[in-house]
Amino acid sequence: MDMGNHRGRRFVILDRDGTLNVERNYLSDPAGMELLPGVLEGLRHLRALGLGLLVVTNQSGVGRGFFDLSRLDAIHARLEELLAAGGVRLDGIYWCPHKPEDDCRCRKPKNGLLVQAAEELNFDPRRCFVVGDKPCDIEMGQNLGAVTILVTTGYGSQTWENQATQPDFVAAGLVQAAQLIEHLLKQQND
Ligand SMILES: [Mg+2]
Ligand SMILES: [Zn+2]
């Protein structure tokens, strides 16, 4: 992980499953890590805008005993390898290993991981863009007053059809989310 001082920098907080990679229902094998179409293009666009990129992910498969932390590390190493092959580097991956009933502070929609990341990397979590496919992603962002974008990949189309949450924006995927973020940044600079 690339720690450092990012004061003043704005970050995009990305969900993992269904947002960056194909949703597999408790992905437990690095070989099953497959990027969604347009993810590399979208992430390169966000980087070109000067934004930080962080993944924040609920991985209750660990707490449920479906796979262990070394397996989770291997899955994240595979994710970073696929991204690197497309010219994209993340600033970090933050994960919650707990089950819902553990009542931890880090499982989305709670914002413990985002607050921790903001302290470690020194950015303002209220000024970030949160992108994800489930209500918990959107609610974590809303907790902090961040801009929230629902992508309709993964569970996102279902989330949107059910009106299960009220994101600020909806995007078809990372390409469109990046275009939207560029537009929002320009508006704010005008
Ligand atoms: Mg997801
Ligand atoms: Zn947790």
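Residues count from 1 along each chain as its sequence is written, and chains are lettered from A and ligands numbered from 1 in the order in which they are written. In this predicted model, local features need pLDDT of at least 70, side-chain atom pairs count only at pLDDT 80 or more, and totals for chains, interfaces and linings use all residues.

Start with the sheet. It is open, has six strands and runs β3-β2-β1-β4-β5-β6, with parallel pairing. The edge strands are β3 (92-96) and β6 (169-171), and each pairs on one side only. From one strand to the next, the twist averages 25 degrees. Strands here are DSSP runs (E, at least two residues), as helices are (H or I, at least four), numbered from the N terminus. Two strands pair if DSSP finds at least two bridges between them.

Now look at β4 (residues 129-132). Three bridges join β4 to β1 (residues 11-14), and the two run parallel. Here V12 has F129 as its bridge partner. With β5, β4 pairs over four bridges, again in the parallel sense. There V131 stands opposite I149. F129 and V131 point one way from β4, V130 and G132 the other, and all are buried. Buried means 20 or more other C-beta atoms within 10 Å of a residue's own; exposed means 12 or fewer, and partly exposed lies in between, with C-beta atoms placed from the backbone.

Helix α4 lies across β1, β2 (52-58) and β3, at about 150 degrees to β3. Helix α5 (residues 135-144) touches β2, β4 and β5 (147-151), and makes about 170 degrees with β4. Angles run from 0 to 180 degrees between N-to-C directions, and axes are lines fitted to C-alpha atoms, for helices over the stretch in contact. Contact means C-beta atoms, placed from the backbone, within 7 Å.

What holds the most contacts inside the largest nonpolar core? V12, I13, F129, V131 and I149 do, in a core of 46 residues. Helix α4 (residues 112-121) gives the largest share, five residues. Such a core is a set of buried Ala, Val, Leu, Ile, Met, Phe, Trp, Tyr and Cys residues joined through C-beta atoms within 7 Å. Leaving aside neighbours within four places in sequence, I149 contacts F129, V130, V131, P167, D168, F169, A171, A177 and L180.

Definitions and conventions
Contact = placed C-beta atoms within 7 Å.
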